[in-house]
Amino acid sequence: MSEQKHECQDSSCTKESCEGCTQNTSNKNKFAVDMNEYSSVKHVIGVASGKGGVGKSFVTAMLAVLLNRKGYKTGILDADITGPSIPKMFGIKGKARANEMGILPEHTANDIKIMSVNLLLEREEDPVLWRGPILAGTVKQFWSDVAWGELDYLLIDMPPGTGDVPLTVFQSLPLDGVVIVFSPQDLVSMIVKKAVNMAKQMKIPVLGLVENMSYVLCPDCKTKVNIFGESKIQDIADELGVPSLGRIPIDPAISALVDIGEFERFDCDDLDHAVRILETIDKGIDEL
Ligand code: ADP
C-alpha cells in the first residue's frame with residue numbers, strides 16, 4: 001500500500017490527490033442529504049419522465065420486481081409525492097411505523113421495501129396540498145429519516161417533469177443513474193429531450209430510454225399494432241446519444257393486477273435489457 005500523500009479523512013486512502021474524493025469536504029455536493037444511519041444502499045436509480053401518466057411508476061415497480069426476483073435486496077422510494085401510486089400497486093394499505101432508528105419502510109409480499117407519502121396520510125385518497133419546498137423536504141426525509149436497512153438497489157419513482165421536486169431529487173440523493181420513461185404521443189421527442197437534458201445538466205448518467213405503451217399485441221395473431229404510429233425510441237436515443245432500453249406494449253393485465261394490488265405477480269421480459277444494465281452497475285462496468 002502506497003503512503004498517503006494528501007489530506008484525506010479516510011486513513012486507508014491511497015490516492016495521490018484529493019480530486020473527486022468524497023472524503024474531501026470541498027468535493028461534496030452542497031445540496032446532498034445524509035442517509036439515515038441505519039440504511040446501507042449500494043445503488044440509487046432514478047426513474048423519471050418529462051410528464052405524468054406515461055407509466056413511470058409502472059416501470060419503477062417492474063424494475064424493482066425483476067431485481068427482487070433475481071435475488072437483489074430492493075426498495076422503492078416513491079418521490080411522486082402528489083401522485084403516489086406505488087403502495088396501491090403492491091396492495092399495501094398499512095401506515096408506516098417508526099422507532100428509534102427512524103421511519104420504517106413497509107414490505108411487499110416478496111419483501112420489496114416501500115416508502116411513500118400514502119403510508120403517512122390518514123386516508124390514501126387525501127390530496128397532498130403542499131407547496132414545493134414542503135414536497136421537496138418530504139423527499140429528502142425519505143432518504144434521511146427512513147431506516148432502509150441493507151439494499152442492493154433503491155429505485156426512486158421521481159416526480160414527473162423538470163420542476164422543483166425532481167430538481168431536489170437530482171441534487172440531494174446520490175443517484176447512480178436515471179432511466180427515462182416516455183409514451184409515444186404528441187410532442188414526445190421534445191419532452192424526452194427536456195428530461196434527458198435535465199439529467200445531463202445535473203451530471204447524472206442517463207442509463208437509457210424506455211418507450212411504454214409503445215404498441216398493442218393482438219391476442220389472436222400476436223401482431224404488433226403501433227397505435228400511436230411507428231416507434232420513435234431508436235431515433236430519439238440516437239439523437240440524444242443515450243441507450244434504448246426497450247419497448248413495452250399496452251397490456252390490460254397490468255391494470256387488472258394493479259386494481260387488486262397484486263402487481264408483483266406481473267411478468268414481462270420487455271425490461272430484461274434494462275435490468276441487465278442495472279446489474280452492470282452492481283457488478284462493475286469493468287467485470288462485464
Ligand atoms: P406515471 O407514473 O407516469 O404517472 P403510471 O405508471 O401511474 O404513470 O401509469 C398510469 C396508468 O397507466 C396506471 O393506471 C397504469 O397501471 C397504466 N399503465 C402504465 N403502463 C401501462 C401499460 N404498458 N399497459 C397498460 N396500462 C399501463
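Helices and strands here are DSSP runs, with helices having at least four residues, and they are numbered from the N terminus. With that in hand, welcome to a predicted model in which α1 and α7 (252-259) each supply at least two residues of the shell around the ligand.

**The ligand and its shell**
- The ligand is surrounded by 15 residues, and Gly53, Ser57, Asn212, Pro249 and Asp251 are the closest.
- Sorted by class, this shell holds six nonpolar, seven polar and two charged residues.
- Helix α1 makes the biggest contribution to the shell, giving three residues.
- Asn212 faces a nitrogen atom of the ligand, with a polar side-chain atom 2.9 Å away.
- On its own the ligand has 560 Å² of accessible area, and the protein covers 77% of that.

**Asp80**
- You can find Asp80 in the loop between β2 (74-78) and α2 (86-89).
- Asp80 counts as buried because its relative accessible area is 9%, under the 20% cut-off.
- Its side chain makes a polar contact of 3.2 Å with the side chain of Lys56.
- Beyond its neighbours within four places in sequence, Asp80 is in contact with Lys56, Ser57, Asp157, Met158, Pro159 and Pro160.

**Glu264**
- Glu264 sits in the loop between α7 and α8.
- Glu264 is also classed as buried, because its relative accessible area is 10%, and the cut-off is under 20%.
- A polar atom of the Glu264 side chain lies 3.2 Å from the backbone nitrogen of Asn110.
- Glu264 and Asn110 are 154 residues apart along the chain, yet their C-alpha atoms are separated by 7.7 Å.
- Leaving out residues up to four places away in sequence, Glu264 touches Val65, Arg69, Phe90, Thr108, Ala109, Asn110, Asp111 and Ile112.

**Helix α8**
- Helix α8 covers residues 272-283, twelve in number, and reaches 16 Å from its first C-alpha to its last, close to the expected 16 Å.
- Its buried residues are Ala274, Val275, Leu278, Glu279, Thr280 and Ile281.
- An α-helix has 3.6 residues a turn, so residues three or four places apart point the same way.
- The cover over the buried residues of α8 includes the helix α1 (56-69) and the strands β1 (39-48), β7 (149-157), β9 (206-211) and β12 (244-247).

Conventions: Residues are numbered from 1 along each chain as its sequence is written. This is a predicted model: local features need pLDDT of at least 70, side-chain atom pairs count only at pLDDT 80 or more; totals for chains, interfaces and linings use all residues. Side-chain values use heavy atoms; hydrogens and water are left out. The expected span of a helix is 1.5 Å times one less than its number of residues. Buried means under 20% relative accessible area, exposed over 50%, partly exposed in between (1.4 Å probe, protein chains only). Contact means heavy atoms within 4.5 Å. A residue is near a molecule or strand if one of its heavy atoms lies within 4 Å of it. A polar contact is a pair of N or O atoms within 3.5 Å; within protein, one must be able to donate a hydrogen and the other to accept it, and residues adjacent in sequence count only if both atoms are side-chain atoms. Accessible areas come from the Shrake-Rupley method with a 1.4 Å probe; for residues, only the protein chains shown count as cover. Ala, Val, Leu, Ile, Met, Phe, Trp, Tyr, Cys and Pro count as nonpolar, Asp, Glu, Lys and Arg as charged, and the others, Gly among them, as polar.
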